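The following questions and answers work through one structure, shown here for reference.

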Amino acid sequence: MGLGGCIILIAAGAILTFATDWDMQGVNLDLVGIIFMLVGLIGVATFSSIAKRRRVVVPPNTPVIDEERHHNRGGYSDGYGV
């Protein structure tokens with residue numbers, strides 16, 4: 001489940017808990033809404049911790065290799081025929 005799904009769960013839980021007054025026999029919609037919000041918050045926390053681990057830090061002193069200089073240009077070193 002991605003970040004969007006977690007946010008949808010939080011929103012649906014908030015709607016069920018705070019914005020509805022439906023009564024269903026055998027189902028407590030307030031509790032279902034709270035469970036949705038908790039699952040959404042756990043998902044956001046898990047997603048953000050995994051996203052932090054995916055970031056790759058490249059050291060600033062990485063040498064850049066110019067591949068163009070290493071190609072054979074017919075025996076000429078600078079490409080102008082000198």
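Buried means under 20% relative accessible area, with exposed meaning over 50% and partly exposed lying in between. The model discussed here is predicted.

Q: What percentage of the 82 residues of the chain count as buried?
A: A residue has to fall under 20% relative accessible area to be called buried. Applied to the 82 residues of this predicted chain, that cut-off gives a buried share of 11%.

Q: How many helices and how many strands does the chain have?
A: The secondary structure of the chain includes no strands, the count for these being zero. What the chain does have is helices, and their number is two.

Q: Which residues form a nonpolar patch on the surface together with Ile35?
A: The patch that contains Ile35 has about 320 Å² of accessible area when its members are taken together. Besides Ile35, those members are Leu31, Phe36 and Val39.

Q: What distance separates the C-alpha atoms of Leu38 and Leu9?
A: Leu38 also has its place in helix H2, and at 48% relative accessibility it counts as partly exposed. Along the chain, Leu38 and Leu9 are 29 residues apart. In the predicted model, the separation of their C-alpha atoms is 8.7 Å.

How values were computed
Residues are numbered from 1 along each chain as its sequence is written. This is a predicted model: local features need pLDDT of at least 70, side-chain atom pairs count only at pLDDT 80 or more; totals for chains, interfaces and linings use all residues. Side-chain values use heavy atoms; hydrogens and water are left out. Helices (H or I, at least four residues) and strands (E, at least two) are DSSP runs, numbered from the N terminus. Buried means under 20% relative accessible area, exposed over 50%, partly exposed in between (1.4 Å probe, protein chains only). Patches are made of residues with over 30% relative accessible area and no salt bridge: like charges are joined within 9 Å, nonpolar side chains (Val, Leu, Ile, Met, Phe, Trp, Tyr) within 5 Å. Accessible areas come from the Shrake-Rupley method with a 1.4 Å probe; for residues, only the protein chains shown count as cover. A salt bridge is a side-chain nitrogen of Lys or Arg within 4 Å of a carboxyl oxygen of Asp or Glu.
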